[in-house]
Amino acid sequence: MDDRGTSLHILSSLYDTGVAPPNSYANLPVHNAAVTAPSLPPELSDHIVDHLRGDYDALKTCTLTCRAWLPRARFWLFKRISI
């Protein structure tokens with residue numbers, strides 16, 4: 001076998017045994033932390049939702065976008081109730 005054939009044979013035998021070669025992706029650390037977006041100050045979030053006070057479709061979308069936006073969007077959605 002030439003050098004290339006020997007290297008392939010060694011690599012395949014390592015993968016067959018479950019041992020990864022030293023420079024493979026299997027040896028990289030795994031980060032399970034959730035990626036979060038930076039949060040806005042509540043006053044700014046309220047101000048953004050306040051601009052949508054007449055657009056009921058946009059306010060409904062805001063209720064599904066973020067938990068922080070739900071109370072203010074709900075305020076504008078149910079400010080006037082007709083029976």
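Trainee: How many aromatic pairs does a search of the whole structure find?

Mentor: The search turns up 1 aromatic pair. Rings of Phe, Tyr and Trp (its six-membered ring) pair if their centres lie within 6.5 Å; planes under 30 degrees apart count as stacked, over 60 as edge-to-face, and the rest as tilted.

Trainee: What kind of pair do F75 and W76 make, and why?

Mentor: Edge-to-face, because the ring centres of F75 and W76 are 5.1 Å apart and the planes stand at 75°.

Trainee: What should I know about the model before I go on?

Mentor: This is a predicted model: local features need pLDDT of at least 70, side-chain atom pairs count only at pLDDT 80 or more, and totals for chains, interfaces and linings use all residues. Residues are numbered from 1 along each chain as its sequence is written, and side-chain values use heavy atoms, with hydrogens and water left out.

Trainee: Which residue lies over the face of W76?

Mentor: R53 does, at 5.7 Å from the ring centre. The rule for a charge over a ring: NZ of Lys or CZ of Arg within 6 Å of the ring centre and within 35 degrees of the ring normal.

Trainee: Switching topic. How many salt bridges does the count come to?

Mentor: The count is 1 salt bridge. The term needs a side-chain nitrogen of Lys or Arg within 4 Å of a carboxyl oxygen of Asp or Glu.

Trainee: What is the partner of D50 in the salt bridge?

Mentor: R72, with the closest N and O atoms 2.7 Å apart. D50 lies in helix α2 and R72 in helix α4 (residues 70-77), so the pair ties together parts that are 22 residues apart in sequence.

Trainee: Is D50 buried or exposed?

Mentor: D50 counts as buried at 14% relative accessibility. R72 is partly exposed, with a relative accessible area of 27%.

Trainee: What else does D50 touch?

Mentor: Leaving out residues up to four places away in sequence, D50 touches R72 and W76. Contact here means heavy atoms within 4.5 Å.

Trainee: What counts as a polar contact?

Mentor: A pair of N or O atoms within 3.5 Å. Within protein, one must be able to donate a hydrogen and the other to accept it, and residues adjacent in sequence count only if both atoms are side-chain atoms.

Trainee: Which side chain has a polar contact with S45?

Mentor: That of W69, at 3.4 Å. S45 sits in helix α2 and is buried at 5% relative accessibility. Beyond residues up to four places away in sequence, S45 touches L40 and W69.

Trainee: Zooming out. What is the secondary structure of the chain?

Mentor: There are 4 helices and 0 strands, in the pattern α-α-α-α along the sequence. Helices (H or I, at least four residues) and strands (E, at least two) are DSSP runs, numbered from the N terminus. Helix α2 covers residues 42-50.

Trainee: How much of the chain counts as buried?

Mentor: 14% of the 83 residues.

Trainee: What share of the contacts comes from residues 24 or more positions apart?

Mentor: 15% of the contacts in the chain with a separation of 6 or more.

Trainee: What about R74 and C62?

Mentor: The C-alpha atoms of R74 and C62 are 9.0 Å apart, with 12 residues of separation along the chain. R74 lies in helix α4 and is partly exposed at 46% relative accessible area.

Terms used. Buried means under 20% relative accessible area, exposed over 50%, partly exposed in between (1.4 Å probe, protein chains only).
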